[in-house]
Amino acid sequence: MLEGMMLTLDRVTKTYRAGAFGGGSVTAVDRVSFDAAPGEVVSLIGESGSGKSTIGRMILGLTQISGGSLTLDGAPVRPGKDFYRRVQGVFQDPFSCYNPVFKADRVFAMIRRAYHPGVGDREWAERVEKAVRDVRLDPGQVLGRYPHQLSGGQLQRLLIARALLLDLSFLVADEITSMLDASTRIDVLNLLAGLKERGLGVLYITHDLSLGTYLAERTVVLRRGRVVERGDTQKVFGNPLHPYTRTLLAAVPRLNTPWDPPEPVEHCAYHRGITEPDGGGGLYRAEEDHFVACAGLPDCGRITA
Ligand code: ADP
Ligand code: MG
């Protein structure tokens, strides 16, 4: 049985050193705060370069944080065997995770060697088949094949199956559907919905508003390393307060509805009287579980630095 973990980011910052001579630095992630409860999908949305993958990699312990605090069930990320048993990432390009020389199921053998050395052959084969069926693949069709004999969607789902063979509690899914065709994308999203029902926490990273966004209970909108708006998905997209969130929504083509440009935002949240600071990353609380940053428009005297 799976048991989720509570992920908490509190003003998490990442500064990369830039340039070969140690001169400048780039703040890729700037005081980002949000959390994800077990059994919850949180979507992290922002354009390319906004810092999404950096956040994913910090959660996975692949990149060190420069400031703030990042905890899973109250404990700081400590990469190692015990950690990766419970926290895993699946990334955009499934092909890069496989060695073309070896059969795709080698990714399962590696898990067995590292985490389940005591499990016998027969029992292991049963577990693998179950995990493969859990991701809605036919073991007979995918096991024993080489990566080039499988589609991107099949490889992606095998990676999720591999994660299921661990005592997984939290999954970072970084743009996992962008390489998939529409029908496979829906399969993978259904799979994430299933994980959530089993109690896992999922961070669903995406660069555009897509079906996955609607799967998420909560949404974090990231722009240039900062959270501009976050909270309950229905509130953030039903009542978007930041001009950037409105721009994202306006970019989504909707069927059967005439295009309706969002009303221009005249004032930032501060000037609309939403002044209760949330305390994390300079956001204001607009309503229950809905926070927004100052838009910093030219006429705004309250630009949060
Ligand atoms: P996203 O996933 O939203 O496209 P990234 O987290 O990959 O964004 O990148 C955010 C910013 O950090 C970008 O400006 C990128 O160039 C920079 N960056 C990412 N990784 C590194 C690195 N290892 N060294 C220096 N800068 C990096
Ligand atoms: Mg990325």
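Analyst: Helices (H or I, at least four residues) and strands (E, at least two) are DSSP runs, numbered from the N terminus. This is a predicted model, in which local features need pLDDT of at least 70 and side-chain atom pairs count only at pLDDT 80 or more, while totals for chains, interfaces and linings use all residues. Residues are numbered from 1 along each chain as its sequence is written, chains are lettered from A and ligands numbered from 1 in the order in which they are written, and side-chain values use heavy atoms, with hydrogens and water left out.

User: How many helices and strands does the secondary structure of the protein come to?
Analyst: The protein has 305 residues. Its secondary structure comes to 10 helices and 12 strands.

User: What percentage of the residues of the protein count as buried?
Analyst: Buried means under 20% relative accessible area, exposed over 50%, and partly exposed in between (1.4 Å probe, protein chains only). Of the 305 residues, the share that counts as buried is 48%.

User: Which helix gives the largest share of the shell around ligand 1?
Analyst: A residue is near a molecule or strand if one of its heavy atoms lies within 4 Å of it. The residues around ligand 1 include Tyr16, Ala28, Gly51, Lys52, Ser53 and Arg57. The largest share, 4 residues, comes from residues 52-59, that is, helix H1.

User: What is the distance from the backbone N or O atom of serine 53 to an oxygen atom of ligand 1?
Analyst: A polar contact is a pair of N or O atoms within 3.5 Å; within protein, one must be able to donate a hydrogen and the other to accept it, and residues adjacent in sequence count only if both atoms are side-chain atoms. A polar side-chain atom of tyrosine 16 lies 3.4 Å from a nitrogen atom of ligand 1, and a polar backbone atom of glycine 51 is 3.1 Å from an oxygen atom of the ligand. For the backbone atom of serine 53 and an oxygen atom of ligand 1, the distance is 2.9 Å.

User: How many residues of H6 are buried?
Analyst: Helix H6 (residues 152-164) has 13 residues and reaches 19 Å from its first C-alpha to its last, close to the 18 Å expected at 1.5 Å a residue. The expected span is 1.5 Å times one less than the number of residues. H6 is mostly covered, and its buried residues number 13 of 13.

User: Is glutamine 154 buried or exposed?
Analyst: Glutamine 154 is placed in helix H6. Leaving aside neighbours within four places in sequence, glutamine 154 is in contact (heavy atoms within 4.5 Å) with Leu137 and Val142. Because its relative accessibility is 18%, glutamine 154 counts as buried.

User: How far apart in space are valine 135 and valine 188, C-alpha to C-alpha?
Analyst: Valine 135 lies in the loop between helix H4 (121-134) and helix H5 (139-142), and it counts as buried because its relative accessibility is 1%. Not counting residues up to four places away in sequence, valine 135 touches Arg157, Ile160, Ala161, Leu164 and Leu191. Valine 135 and valine 188 are 53 residues apart in sequence, and their C-alpha separation in space is 7.9 Å.

User: What is the phi of aspartate 73?
Analyst: Most residues other than glycine have a negative phi. Aspartate 73 lies in the loop between strand E4 (67-72) and strand E5 (75-76). Although aspartate 73 is not a glycine, its phi is positive, at about 50°.
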